[in-house]
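Visitor: Please take me through the helix packing here in detail, and then through the pocket that goes with it. I would like the cut-offs stated as you go.

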Amino acid sequence: MQDPVDHILRQWRDARPDLDCSAMGVVGRLGRVSSIWRKQIDTAFDQHELSGIEFDILATLRRSQVPLTPTELYQTLMLSSGAMSTRIEKLVQRGFIERVASEDDRRSCKVMLTEPGQHKLDAALQDHLDNMEVMLEALNKDERLQLANLLKKVLLSSR
């Protein structure tokens, strides 16, 4: 079976047989899969009226199981402090998180999930997991593990 990247690689082989374009096959496919998957993931979050970053904030708070400072959140999620402040405010207004004054420093606060926020996250999380299962249905358990390990290796070398 051929995919669109095979067509591109074949064209490069014909146009420039002196070049090894095999890396293009890996990076090109990762890019295309990433684009397709991003749309599928966003669709699942849309069903819960959450953006991807809102889901990530709620999920980070849920898995941390303790209130976090906005700084801890934006460093974990690789956002700017301004972007994090805006997202936090929207989630506070929607009742999914609340600010709690710091016991150590009156000028700072921590952020924690509310009960409605936890329910919202748990429902979205289950649909997200189900969605990812569909996204990976072409791979068996061993292939998934192999792919995860290969991507981890690439990721660790990209720092």
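Guide: Axes are lines fitted to C-alpha atoms, for helices over the stretch in contact, and angles run from 0 to 180 degrees between N-to-C directions. Helices are DSSP runs (H or I, at least four residues) numbered from the N terminus. The model is predicted, so local features need pLDDT of at least 70 and side-chain atom pairs count only at pLDDT 80 or more, while totals for chains, interfaces and linings use all residues. Residues are numbered from 1 along each chain as its sequence is written, and side-chain values use heavy atoms, with hydrogens and water left out.

Helix α1 (residues 4-15) packs on helix α2 (residues 22-46) at an angle of about 150°, the axes being 10 Å apart. That makes α1 roughly antiparallel to α2, a label given to angles over 145 degrees. Their crossing is right-handed, meaning that the near helix is turned clockwise from the far one by less than a right angle. In contact terms (heavy atoms within 4.5 Å), P4, V5, D6, I8, L9 and W12 in α1 meet M24, G25, G28, R29 and R32 in α2. These residues divide into 6 nonpolar, 2 polar and 3 charged. Here Ala, Val, Leu, Ile, Met, Phe, Trp, Tyr, Cys and Pro count as nonpolar, Asp, Glu, Lys and Arg as charged, and the others, Gly among them, as polar.

α2 also packs with α6, at an angle of about 155° and with the axes 10 Å apart. That makes α2 roughly antiparallel to α6. The crossing of α2 and α6 is right-handed. W37, Q40, I41, A44 and F45 of α2 make the contact with H128, N131 and M135 of α6. By class, the contact of α2 with α6 has 5 nonpolar, 3 polar and no charged residues.

Now the pocket. On a 1 Å grid over the protein atoms alone, a pocket is an open set of points where a 1.4 Å probe fits, with protein on both sides within 12 Å along at least five of seven lines; lining residues have an atom within 4 Å of a point. The largest pocket has a volume of about 780 Å³, that is, the space filled by probe spheres set on the points, which are joined across faces, edges and corners. Its lining has 23 residues, with V33, S34, W37, M135 and L151 nearest the centre. At least two lining residues come from each of α2, α3 (52-64), α6 (115-135) and α7 (141-157). α2 supplies the largest share, 10 residues. The lining divides into 15 nonpolar, 4 polar and 4 charged residues.

Terms used
Angles under 35 degrees count as roughly parallel, over 145 as roughly antiparallel, 65 to 115 as roughly perpendicular and the rest as oblique.
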